[in-house]
Amino acid sequence: MSIIGNLRPSKNSLPCEIDSLGVHAKLRYDLDAIGLASTDYGNIVHEIPSAVLYPTSIDDIIELIKFSNECPLPFNVAARGHGHSVRGQAMAHDGVVVNMLSLKKHYKNGNGIRVSTSGNYADVGGEQLWIDVLNATLEHGLAPLSWTDYLYLTVGGTLSNAGFSGQTFLYGPQISNVLELDVITGKGDFMTCSKDQNSELFYAVLGGLGLFGIITRARIVLAKAPKRVKWVRMIYSDFSIFTRDQEHLISTKGLEYLEGSLLMDYTPAHNWRSSFFSPSNESQIISLLKKHGILYCLDMVKYYDDETANSVDKDVQMLQEGLNFIPGFTFMRDETYVDFLNRVRRGEITLKSKGLWDVPNPWLNLLVPKSCILDFNAGVFVDIIHRQKKTTGPLLVFPLTKIVWDDKMSAVVPDEDIFYSVGLLHSGSFNDWQDLDNQNNEILEFCDRAGIKIKQYLPHYKSKEEWIKHFGPKWNTFQERKAQFDPRMILSPGQNIFNYV
Ligand code: FAD
């Protein structure tokens with residue numbers, strides 16, 4: 001369904017002096033540009049900007065933001081990375097959306113990804129997609145350590161949230177793997193920052209939801225890239241045994257990736273996020289599902305290369321020792337490192353071919369304290385999701401360790417050493433997504449009633465009170481940083497924290 005026909009961009013909401021700026025020729029008001037900027041992966045929120053900036057240099061963004069600051073009534077500016085937010089976070093009602101991907105085409109030297117001669121890091125434009133970072137660093141036999149499950153997201157977009165996946169228990173989220181940033185603040189100042197230089201800005205921006213500045217370069221930690229992976233999936237019928245094994249594995253040396261997901265008897269055993277089973281595996285799983293209703297899949301991965309190829313199977317066997325999955329229900333895949341990291345792309349291509357990608361995606365991503373994960377399973381997975389049988393998308397659940405997160409950064413996580421990432425990746429139709437969203441609200445209300453102190457990841461709230469509760473003890477610092485780096489509240493209006501539409 002297209003919303004283009006309903007678009008009425010109002011150029012009038014921008015001051016007419018904008019036409020005298022150098023960037024004026026790079027502002028677009030046409031329906032293609034406006035349509036893209038008012039749509040995201042979620043397909044739920046559509047905010048119409050007055051214009052879209054297609055920058056050819058960082059100076060264009062600086063000029064735009066400085067100009068907004070000079071206006072008696074500043075207009076909002078939102079960086080749009082790859083637009084994979086689900087609730088309009090990269091949109092700017094009546095403001096200007098900066099199409100960051102436009103920068104990719106205008107590098108005079110190279111492609112915006114430069115690997116250091118020491119091989120310890122890469123300097124990467126904020127507009128770069130992680131898939132391009134992977135391909136460019138692999139040319140040097142190197143790669144970043146911390147990933148997201150899906151690689152067609154921008155560096156600036158994931159660093160504004162946290163960026164995590166199955167490697168995070170070990171290496172920390174992507175925000176913990178950044179050495180330095182170049183940022184254009186909400187005042188239009190261009191600043192380089194790190195833990196030692198302009199550190200307040202560095203900590204503000206990482207996990208800062210785009211509210212303090214636009215990331216134009218990130219220095220990302222690299223290490224030697226493995227060549228291949230052994231990807232093992234084990235099936236459980238008992239949630240407490242499943243989580244016990246997950247927690248055991250993240251405390252064990254030798255594993256590079258751990259995630260987990262749920263299978264429900266009313267949905268297919270494979271989903272777009274990770275198709276895994278052969279048809280014969282699948283029929284075994286389906287009969288098991290008939291018996292149990294819900295099954296839990298533990299996914300673990302061991303990296304290897306030429307030197308470790310002979311020992312990797314033994315290492316995997318040792319990792320599996322003492323685990324309590326259902327006997328016989330363990331499956332293994334051997335893949336290249338790249339194919340493994342890029343696994344969700346296969347699902348995307350399949351969904352796109354069936355017209356099922358650009359549909360409403362009312363996702364709910366939660367971080368759940370370990371102490372409450374069994375109550376969460378009983379109340380949410382069993383009593384809401386399985387009982388209502390509405391959810392069709394992947395349901396992810398896996399533990400993360402707090403020690404690898406830096407509390408000075410803006411990202412918010414539960415106050416326990418171990419917490420679980422729960423991804424309810426619902427996809428619906430334009431007619432029924434609200435049913436799924438009602439279920440999301442029911443889940444949030446359940447957690448509230450049960451005293452489960454969850455934090456939302458990719459947070460979405462409607463009131464200031466909810467945001468204050470979300471940030472908890474970090475709220476004052478968050479506000480002070482906003483006053484310091486974006487005092488006129490220009491940036492990232494789609495987060496609905498300081499600007500209400
Ligand atoms: P956008 O949606 O374009 O922007 C997101 C926010 O960041 C906006 O507020 C925007 O203004 C701001 N922003 C964008 N660029 C910049 C910049 N350069 N500087 C400052 N602010 C900026 N997340 C995970 O952590 N792990 C996952 O495994 C994971 N998998 C995903 C899979 C899919 C299919 C999808 C759709 C999302 C997934 N996400 C995951 C969530 C994803 O990390 C966030 O939605 C992220 O913001 C998307 O990046 P983007 O480039 O599309 O950002």
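Residues are numbered from 1 along each chain as its sequence is written, and because the model is predicted, local features need pLDDT of at least 70 and side-chain atom pairs count only at pLDDT 80 or more, while totals for chains, interfaces and linings use all residues. Side-chain values use heavy atoms, with hydrogens and water left out.

A helix makes a friendly starting point. Helices (H or I, at least four residues) and strands (E, at least two) are DSSP runs, numbered from the N terminus. Helix α2 covers residues 58-70, and its 13 residues should span 18 Å at 1.5 Å a residue; the expected span is 1.5 Å times one less than the number of residues. The end C-alpha atoms of α2 are 19 Å apart, which agrees. The buried residues of α2 are D60, I61, I62, L64, I65, F67, S68 and N69.

The ligand comes next. It is surrounded by 35 residues, of which A79, H84, S85, T154 and Y457 are the closest; a residue counts as near if one of its heavy atoms lies within 4 Å of the molecule. This shell is made up of 14 nonpolar, 18 polar and three charged residues. In that sorting, Ala, Val, Leu, Ile, Met, Phe, Trp, Tyr, Cys and Pro count as nonpolar, Asp, Glu, Lys and Arg as charged, and the others, Gly among them, as polar.

Polar contacts are pairs of N or O atoms within 3.5 Å; within protein, one must be able to donate a hydrogen and the other to accept it, and residues adjacent in sequence count only if both atoms are side-chain atoms. A polar backbone atom of H84 is 2.7 Å from an oxygen atom of the ligand. Side chains take part too: a polar side-chain atom of T154 lies 2.6 Å from a ligand oxygen, and a polar side-chain atom of Q495 lies 3.0 Å from a ligand oxygen. Taken alone, the ligand exposes 960 Å², and the protein buries 98% of that; accessible areas come from the Shrake-Rupley method with a 1.4 Å probe, and for residues only the protein chains shown count as cover. The elements giving two or more residues to the shell are β3 (77-80), α4 (155-159) and β10 (213-224).

Rings of Phe, Tyr and Trp (its six-membered ring) pair if their centres lie within 6.5 Å, and planes under 30 degrees apart count as stacked, over 60 as edge-to-face and the rest as tilted. The whole structure holds 30 aromatic pairs. One of them joins Y150 and Y152, whose ring centres are 5.9 Å apart with planes at 40 degrees, so this pair is tilted. Both Y150 and Y152 are buried. Y303 and Y337 form an edge-to-face pair, 5.2 Å centre to centre with 75 degrees between the planes. This pair links distant parts of the chain, since Y303 sits in strand β13 (residues 294-304) and Y337 in helix α10 (residues 337-341), 34 residues apart. Y303 counts as buried at 12% relative accessibility, and Y337 counts as buried at 2%. Ring pairs also link F212, Y461, W467, F471, W475, F478 and F498 into a cluster.

A few single residues complete the picture. H386 belongs to helix α12 (residues 373-388) and is buried, with a relative accessible area of 14%. The side chain of H386 makes a polar contact of 2.9 Å with the side chain of D265. K389 lies in the loop between α12 and β16 (395-401) and, at 41% relative accessibility, counts as partly exposed. Most residues other than glycine have a negative phi. For K389, however, phi is positive, near 50 degrees. N496, in the segment after α15 (475-485), also has a positive phi, near 55 degrees. Finally, F419 is found in strand β17 (residues 418-424) and counts as buried at 0% relative accessibility.

Note on methods. Buried means under 20% relative accessible area, exposed over 50%, partly exposed in between (1.4 Å probe, protein chains only).
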